[in-house]
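Please look over the chain below before reading on. My comments come after it.

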Amino acid sequence: MGGISIWQLLIVAVIVVLLFGTKKLRNLGGDLGSAVKGFKNAIGDEKNSAEKLENDSDTLGDNSSTTAHKANKSKENQKENS
């Protein structure tokens, strides 16, 4: 008694098709699908960029210690040559 029957859903669907037309509903469905796809891609890109940023920061930390080590060696070499 409290639920919506299949007949009521069909009547609502027919009214919506009559009001908007099939072409407009098809375009609306396509636009909605594109929006959902774009949203999913944006979420995936954000996760990938966060992972890449995390990996880059780890790499930068490794590179900075390597660069500092190289700089110290070059200073030592300059002192020895002087």
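1. The model is predicted: local features need pLDDT of at least 70, side-chain atom pairs count only at pLDDT 80 or more, and totals for chains, interfaces and linings use all residues. Residues are numbered from 1 along each chain as its sequence is written, and side-chain values use heavy atoms, without hydrogens and water.

2. The chain has 2 helices and 0 strands (DSSP runs, H or I of at least four residues and E of at least two, numbered from the N terminus). Of its 82 residues, 0% are buried (under 20% relative accessible area; exposed is over 50%, partly exposed in between, 1.4 Å probe, protein chains only).

3. After α1 comes G21, with a positive phi near 85°.

4. L19 lies in helix α1. L19 is exposed, because its relative accessible area is 65%.
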